[in-house]
Amino acid sequence: MNREEDMRELIATDGTRIAYRDSGGEGVPLVMLHGWGQTQAMFRHQVANLSPGRRVVTVDLRGHGLSGKPHHGYRIARLARDVLELVDHLRLGRFDALGWSMGVSVWWSFIDQYGTGRIRRFVAVDQPAAVAAVPWMTKQEQQDSGAIFDVSELLALGAALAAPGATRCVLTSCVACSPASPTRRCSPSSPSRSP
């Protein structure tokens, strides 16, 4: 699964090269989308175990892995269009859809734009309802959405990640948050830097 020679490609309508793998096989295909900053390689164990009995398709979304890295087209709606073009190219009339993190957002956009008619089953893995609590949300809406940052905390995290010498950021207070305490929101203390 890690070999580049196993990779196939599709040229999207905007000229971007989209790298994908198709295991072939029988049955309802499973199309798996990775999250932000990841690649289809994250599904290598699932592909190895599932593909002997079913067709599995994985893709490096644009800007990731072996796919093209254009200076345009990084909206979730465009990623969903790339997926539509891929399933059309593979002539998948009906398939199961699995998304991991941002991959879930891509599937939601796919459903919003193109409907559910081709999707037999949908699996959403590890996507928070909201990452940032925006100012117009009430405290209850922020809590109910699962937001882990308010806007100022998210900006501080971005600054810490972009700081000279910052190679890794650990959000220890989010891990330490207690779900049993519904009034306590998780918020990062100072992100720690490590080499």
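**A walk from the sheet to the aromatic rings**

Start with the six strands, which make an open sheet of mixed pairing in the order β1-β2-β4-β3-β5-β6. Strands here are DSSP E runs of at least two residues, helices are H or I runs of at least four, and both are numbered from the N terminus; two strands pair if DSSP finds at least two bridges between them. Select β1 (8–11) and β6 (119–125) to see the edges, each pairing on one side only.

Before you go on: this is a predicted model, where local features need pLDDT of at least 70 and side-chain atom pairs count only at pLDDT 80 or more, while totals for chains, interfaces and linings use all residues. Residues are numbered from 1 along each chain as its sequence is written, and side-chain values use heavy atoms, with hydrogens and water left out.

Next, pick β2 (residues 17–22) and β4 (residues 56–60), an antiparallel pair with four bridges. Click Asp-22 and you'll find its bridge partner in β4, Val-57.

Now bring up helix α3 (residues 102–114), which packs on the sheet and touches β3 (30–33), β5 (95–100) and β6. Contact means heavy atoms within 4.5 Å.

Which residues of α3 are buried? Colour Met-102, Gly-103, Val-104, Val-106, Trp-107, Ser-109, Phe-110 and Ile-111. Buried means under 20% relative accessible area, exposed over 50%, and partly exposed in between (1.4 Å probe, protein chains only). These buried α3 residues pack against β3, α2 (76–89), β5 and β6.

Zoom in on Phe-95, which is buried at a relative accessible area of 0%. Beyond its neighbours within four places in sequence, its contacts include Val-28, Pro-29, Val-31, Trp-107 and Phe-110.

Time for the rings. The whole structure holds five aromatic pairs. Rings of Phe, Tyr and Trp (its six-membered ring) pair if their centres lie within 6.5 Å; planes under 30 degrees apart are stacked, over 60 edge-to-face, and the rest tilted. Show Phe-95 and Phe-110: their centres are 6.2 Å apart and their planes at 75°, so this pair is edge-to-face. Phe-95 sits in strand β5 and Phe-110 in helix α3, 15 residues apart. Phe-110 is buried too, at 1%.

Last stop: Trp-108 and Phe-122, with ring centres 4.8 Å apart and planes at 70°, so they are edge-to-face. Buried or partly exposed? Trp-108 is partly exposed at 46% relative accessibility, and Phe-122 is partly exposed at 27%.

Note on methods
Axes are lines fitted to C-alpha atoms, for helices over the stretch in contact, and angles run from 0 to 180 degrees between N-to-C directions.
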